[in-house]
Every structure is written in structure tokens, then in C-alpha cells.
Amino acid sequence: MHLFLTTICLLIFASNSAWADVLPLPGLIVMGIMMSQNMALLLTLIIETAIVMTAARHWQVSWRRGLAAGIVPTMLTHPPAWWILEETDRYWLYFIVLEVVITLIESTVLKKILRVSWRQALLLSLWANVASALVGVFL
């Protein structure tokens with residue numbers, strides 16, 4: 001929990017709009033804060049990997065598979081989703097549609113890596129994506 005709170009504070013500080021003038025990173029303005037793609041990706045990886053590794057441990061899957069399952073789906077889906085959201089004027093519509101599509105794609109990858117049922121993979125993907133999306137929206 002301490003690591004999570006420290007990370008959130010660091011992300012808020014580093015993604016402050018004053019830093020956006022200094023750091024030449026592309027980003028989206030979320031709740032008045034400029035967040036770069038790298039910061040959003042880092043935050044997503046931390047949240048989703050923690051959730052996936054917790055579930056993997058509960059299902060007695062090796063930590064290596066749990067770690068891979070936490071990282072690989074996000075690395076496959078986050079960059080294209082970010083690019084699409086940067087290019088649209090209809091942010092919230094695309095955000096919702098993308099989250100549904102991403103949840104389905106990531107559940108397929110989770111099923112393959114963790115070797116769990118479709119139901120388990122879909123619920124885990126939904127849980128991880130809702131958590132990271134909510135943190136991202138409220139940050």
C-alpha cells in the first residue's frame with residue numbers, strides 16, 4: 001500500500017501541468033493534469049500487474065507467469081489505445097469503447113499465459129482494467 005501511495009504522489013507531481021512545459025512528452029490533459037503516455041503506461045503497469053499477480057498467486061500460477069501476464073497484455077494494448085485517444089475529439093465515447101475492446105483482448109492473452117478458464121481470464125481482465133481506468137480518470 002505504501003508503494004502504491006508513493007507512486008500516486010510521484011505521478012501527480014511529475015504529471016503536473018507545470019512540468020508539461022519542461023518535459024517535451026506528448027500527453028493528454030486529464031482532470032486538468034497533463035499526463036504523458038509514459039506516466040500513464042507506468043501507472044497502468046503498476047496497477048494491473050499487482051492485480052494480475054495477486055490472482056495468479058491465488059490460482060497457484062508461478063510468479064513468472066503472473067508477472068508476464070501482468071505486463072504483456074498492457075504492453076500490447078496501451079500504446080495503440082493512447083494513440084487513438086490522442087487523435088479523437090470524442091474522448092469519452094472512444095475511451096469506453098476502447099476499454100471494452102481492451103478487456104476482451106487482454107482476457108485472451110491472460111487465458112493463454114495463465115492457463116485459466118475464459119471466465120477467470122475475463123473477470124481478471126475486467127477487474128484490472130476497471131481499476132487502472134478509474135485511477136487514471138480520477139488522477
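Mentor: Buried means under 20% relative accessible area, exposed means over 50%, and partly exposed lies in between, using a 1.4 Å probe and protein chains only. This is a predicted model, in which local features need pLDDT of at least 70, side-chain atom pairs count only at pLDDT 80 or more, and totals for chains, interfaces and linings use all residues. Residues are numbered from 1 along each chain as its sequence is written, and side-chain values use heavy atoms, with hydrogens and water left out.

Trainee: Is S125 buried or exposed?

Mentor: S125 counts as buried because its relative accessibility is 1%. Helices are DSSP runs of H or I with at least four residues, numbered from the N terminus. S125 belongs to helix α6, residues 118-138.

Trainee: Which residues is S125 in contact with, leaving aside neighbours within four places in sequence?

Mentor: Contact means heavy atoms within 4.5 Å. On that basis S125 meets I102, T103, E106, S107 and L110.

Trainee: Where is F95 found, and what does it touch beyond four places in sequence?

Mentor: F95 sits in helix α5, residues 91-114. With a relative accessible area of 14%, F95 is buried. Its contacts, not counting residues up to four places away in sequence, are L85, A133 and V137. Between the C-alpha atoms of F95 and I84, eleven residues apart along the chain, the separation is 9.1 Å.

Trainee: Is Y94 buried or partly exposed?

Mentor: Y94 also has a place in helix α5. Its relative accessibility is 34%, so Y94 counts as partly exposed.

Note on methods
Helix = DSSP H or I, 4+ residues; strand = E, 2+ residues; numbered from the N terminus.
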